[in-house]
Amino acid sequence: MTVQTMDPVAAVDQAAGHVTPERILRLGLAFWGSKTLLSAIELGVFRTLAEAPANEAELRARLGLHERSARDFLDALVALGMLHREGGVYANTPETDLFLDSAKPSYVGGMLEMANARLYPFWGRLTEGLQTGEPQNEAREGGDFFAALYADHERLGQFLHAMTGLSTGASRAIATRFPWESYRTVLDLGCAEGGLLVELARTHSHLRGTGFDLPAVRGPFERYVASAGLEQRLAFAGGDFFRDSLPDADVITLGHILHDWGLEEKKQLLRMSHDALPAEGAVIVFDSIIDDERRENAFGLLISLNMLIETPTGSDYTAADCRGWLEEAGFRETRVEHLVGPDSLVIGIK
């Protein structure tokens with residue numbers, strides 16, 4: 001007798017004809033795959049396999065896995081495209097080896113570590129956030145995530161490195177898509193470790209840059225810049241961009257910054273940028289900008305929901321929204337360009 005295995009979703013497809021619930025079921029249960037990946041990062045699966053491929057027994061011993069579900073866990077990662085398995089030996093895929101080995105500078109798992117430790121439980125309260133309009137993070141218990149974060153040097157370093165990973169693709173695209181040869185200096189507001197400035201300086205030897213962020217960011221910024229050998233061309237300025245004057249620059253960049261704030265703060269930052277720039281100066285805003293029809297960029301819309309979870313007033317926005325704010329601030333010319341993945345930029349010329 002042959003035992004036939006069957007995907008229950010596929011079975012529903014066959015029974016239902018052309019209109020099926022497959023997308024509904026896959027989306028509704030997508031957290032299964034997501035949490036499997038997040039747990040793999042937490043357990044160090046990809047870092048361990050970067051050292052050497054291993055079989056199930058070796059991985060159980062090295063990762064501290066119980067035998068009951070270890071095989072299902074590892075094979076689920078194979079089925080999800082996160083691992084290879086050949087002859088019972090597991091190995092990273094080229095993608096996970098490059099981006100999920102924490103020893104490599106290309107590591108993007110910092111953002112996913114934060115998602116696992118913080119965002120995963122907070123998103124379980126999304127329904128409440130939608131009903132109340134209130135954040136669902138530490139603020140729900142009277143805490144302040146960002147105040148606590150900036151007071152804890154170790155956690156702050158991890159967070160800033162996560163932001164570097166999140167923006168790496170966009171930073172590299174910006175370094176090649178904008179006419180930097182026409183400008184000499186650049187100021188990055190909310191610079192984190194300085195990932196964007198490092199990419200710009202590596203690509204354009206004539207550029208000098210300043211990272212502007214809260215004073216607690218100085219140490220991580222200077223260490224990251226020094227690791228790239230660019231401390232002679234990139235400097236840090238500590239301050240609060242809602243209260244302090246902005247340093248002079250030909251170009252001002254705001255990457256994954258505007259969505260942290262409400263409408264008035266967004267407009268204020270763009271007005272301040274306009275006033276700080278010289279004639280013909282430029283502002284570059286980049287985010288997972290929502291498409292103007294609000295139909296295509298699901299990631300941008302989900303990031304906006306994450307702003308509900310994390311901030312009192314923040315939200316993402318469309319390119320048309322941003323262009324309108326730039327024009328209101330006084331910029332004479334604006335344009336939009338897609339970068340990579342869900343990210344786009346909006347440019348304003350003074």
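Modeller: Start with strand β1 and strand β3 (residues 89-92), which run antiparallel and are joined by 2 bridges. Helices (H or I, at least four residues) and strands (E, at least two) are DSSP runs, numbered from the N terminus. Two strands pair if DSSP finds at least two bridges between them.

Biologist: Before we go on, where do the coordinates and numbering come from?

Modeller: This is a predicted model, where local features need pLDDT of at least 70, side-chain atom pairs count only at pLDDT 80 or more, and totals for chains, interfaces and linings use all residues. Residues are numbered from 1 along each chain as its sequence is written, and side-chain values use heavy atoms, with hydrogens and water left out.

Biologist: Ok. Which residue is the bridge partner of A54 in β3?

Modeller: Y90 is the partner of A54.

Biologist: And what is the strand order in that sheet?

Modeller: The order is β1-β3-β2, an open sheet of 3 strands with antiparallel pairing. Its edge strands, each pairing on one side only, are β1 (54-55) and β2 (83-86). Helix α6 (residues 67-79) packs on this sheet and touches β2 and β3. The direction of α6 makes about 110 degrees with that of β2. Contact here means heavy atoms within 4.5 Å. Axes are lines fitted to C-alpha atoms, for helices over the stretch in contact, and angles run from 0 to 180 degrees between N-to-C directions.

Biologist: What about the sheet of 7 strands, what order does it have?

Modeller: That open sheet reads β6-β5-β4-β7-β8-β10-β9, and its pairing is mixed. β6 (234-238) and β9 (333-338) are the edge strands. The average twist from one strand to the next is 20 degrees.

Biologist: Are β4 and β5 paired in the parallel or antiparallel sense?

Modeller: Parallel: β4 (residues 185-189) and β5 (residues 208-213) pair over 5 bridges. One of the partner pairs is L189 with F212 in β5. Helix α11 (residues 153-177) packs on the sheet, touching β8 (282-287), β9 and β10 (344-349). Its direction is at about 150 degrees to that of β8.

Biologist: Next, the helices. At what angle do α8 and α15 cross?

Modeller: Roughly 90 degrees, with the axes of α8 (residues 109-123) and α15 (residues 298-310) coming within 11 Å. So α8 is roughly perpendicular to α15, a label for angles of 65 to 115 degrees, with under 35 roughly parallel, over 145 roughly antiparallel and the rest oblique.

Biologist: Which residues meet there?

Modeller: From α8, R118, L119, F122 and W123 meet L302, L305, N306, I309 and E310 of α15. The contact has 6 nonpolar, 1 polar and 2 charged residues. Ala, Val, Leu, Ile, Met, Phe, Trp, Tyr, Cys and Pro count as nonpolar, Asp, Glu, Lys and Arg as charged, and the others, Gly among them, as polar.

Biologist: Where is I290, and what does it touch?

Modeller: I290 lies in the loop between β8 and α15. Not counting residues up to four places away in sequence, its contacts include N297, L301, D316 and Y317. I290 and Y317 are 27 residues apart in sequence, yet 5.6 Å apart C-alpha to C-alpha.

Biologist: Is I290 buried or exposed?

Modeller: Buried, because its relative accessibility is 2%. Buried means under 20% relative accessible area, exposed over 50%, partly exposed in between (1.4 Å probe, protein chains only).

Biologist: How many disulfides?

Modeller: A search of the whole structure gives 0, a disulfide being a pair of cysteine sulfur atoms within 2.5 Å.
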